[in-house]
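Thanks for coming. Please have a look at it first.

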Amino acid sequence: MSFLYSLRTINRKSSFIVGFLFCICFGMAFTVGNVREEGSIDGISYRIKFENYLNDSGLDYYSGLEDFLSFQGSTKDYYFDTIAFYVSRITDNYHVMFMAFAIIFAFFMYKSLRILTEDDSFQCGLVGILLVAMFCWNSIFNINGVRFWTAAWVGTYAILQCFYKGKWQYLALALITPFIHGSFWFFLIVALVALLLGRFRKVWVSLFFISMFVSNVAVDIFDVTSDYIPSFLEGTIAYYTDDFYMQDVHQRSLIVTLFDIAYKAYLNILIVLLIISDKSQINKVDKKFFGFLLVYMTIVNFFGLIPSLGNRFLVVAMPFIALMWLRVYKMQVRNVWILLFPACFLLQIYQLIKYQYLAVLDWSFYFSSPFMMIFDYLVV
């Protein structure tokens, strides 16, 4: 109830504290089984791996860490293993592990969100709440797939500090993201391209419009460059461009396909509107940030056919789009486009509620006090 009430004043520090505590409670109450079946959620695998660490002496963990640091082995990242290993030295309760995931995830999410809500133009009306929802679409449920989505918030915060606030020392924070999830080498490459070439605005505008229609070239690019990809990334690339995986991606129902097209088109339309306003409404302070966003969306569009790069990294762009929209339109004009956000994401909202939140939380979560939850999940 405090969390819902805090949405009325989301730009206040007290609301951020309540939201952060809510996320910790969510992580603590996050409940999954210990048998992984086809179609089941990733959190089950993380629980199983955590419980395997309980019987491990530590040799496997340090051997894996050495493999990761060598960049020669098959270990792509080591964030989950590190959290799971050290929590397993303290307790055998997997709820503590997910609570630890939630603390780190929520910390960077709210640190990033505060940049949006502290803007002088931000207001806690309907449009403001929808911009917050867009900004935080990578929601606390995603501790289920902790590695990628935690890296996303760490990377988002680093990019906002660098390209929006001009604090380039935060590039060091961005360099940590591949430790959390191996695919964020791609994120770092995009950031480097934006830093070096983002000033060529007309070129990137042209490439952006081309990228909206030619994403099919992404798989071919990976095929051509596969011999030059470092060994520690080969497994990831091979999996996400595998013929069977791509076939499975395309075997979707018509309604799912239509909504998939709708939300991607919607985000790209927002970018088009920002491009139209580039010369007249984007001030010099925001030019570099918009340059990064334009480069980012262009490259992500080109690789849109590969879900690991296209779909998931498109979600990572949503905080940047929400902030740029607020900076340009200041909640005064063209906000009918923001009002369309729930309609374009209707299927995802339905799936988020029915197949995600309700699947990992007992009904008591919505009615019990936090003190009862602490007893139920951490003590018993």
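**Overall picture**

Of the protein's 380 residues, 53% count as buried. Buried means under 20% relative accessible area, exposed means over 50%, and partly exposed is in between, with a 1.4 Å probe and protein chains only. Before going on, the background: this is a predicted model, where local features need pLDDT of at least 70 and side-chain atom pairs count only at pLDDT 80 or more, while totals for chains, interfaces and linings use all residues. Residues are numbered from 1 along each chain as its sequence is written, and side-chain values use heavy atoms, with hydrogens and water left out.

The protein has 23 helices and zero strands. Both are DSSP runs numbered from the N terminus: helices are H or I with at least four residues, strands are E with at least two. Now contacts, meaning heavy atoms within 4.5 Å. Among contacts between residues at least 6 apart in sequence, 76% join residues at least 24 apart.

**Two aspartates**

Where is aspartate 56 found? Aspartate 56 sits in the loop between helix H3 (42-53) and helix H4 (59-70). Aspartate 56 counts as buried because its relative accessibility is 12%. Leaving out residues up to four places away in sequence, aspartate 56 touches Tyr61, Phe85 and Arg89. A polar atom of the aspartate 56 side chain lies 2.8 Å from the backbone nitrogen of glycine 58.

Aspartate 60 lies in helix H4. Aspartate 60 has a relative accessible area of 56%, so aspartate 60 is exposed.

From aspartate 56, phenylalanine 85 is 29 residues away in sequence and 8.7 Å away in space, C-alpha to C-alpha. For aspartate 60 and phenylalanine 85, 25 residues apart along the chain, the C-alpha atoms are separated by 9.9 Å.

Next, cavities and pockets. On a 1 Å grid over the protein atoms alone, a cavity is a set of points where a 1.4 Å probe fits but cannot get out; a pocket is an open set with protein on both sides within 12 Å along at least five of seven lines; and lining residues have an atom within 4 Å of a point. Grid points are joined across faces, edges and corners, and a volume is the space filled by probe spheres set on the points.

The structure holds one cavity of 30 Å³ or more. Its lining residues include Trp153 and Pro319. Helix H8 (146-164) and helix H19 (310-329) each supply at least two residues of that lining.

The second largest pocket holds about 1,500 Å³ of space. It is lined by 41 residues, and Phe3, Leu4, Leu7, Phe22 and Tyr357 lie nearest its centre. Which helix gives the most to this lining? H2 does, with eight residues.

A search of the whole structure finds 54 aromatic pairs. One of them is tyrosine 350 with tyrosine 355, edge-to-face, at 6.1 Å centre to centre and 85° between the planes. Rings of Phe, Tyr and Trp (its six-membered ring) pair if their centres lie within 6.5 Å; planes under 30 degrees apart count as stacked, over 60 as edge-to-face and the rest as tilted. Tyrosine 350 is partly exposed because its relative accessible area is 42%. Tyrosine 355 is partly exposed too, at 46%.

Definitions and conventions. A polar contact is a pair of N or O atoms within 3.5 Å; within protein, one must be able to donate a hydrogen and the other to accept it, and residues adjacent in sequence count only if both atoms are side-chain atoms.
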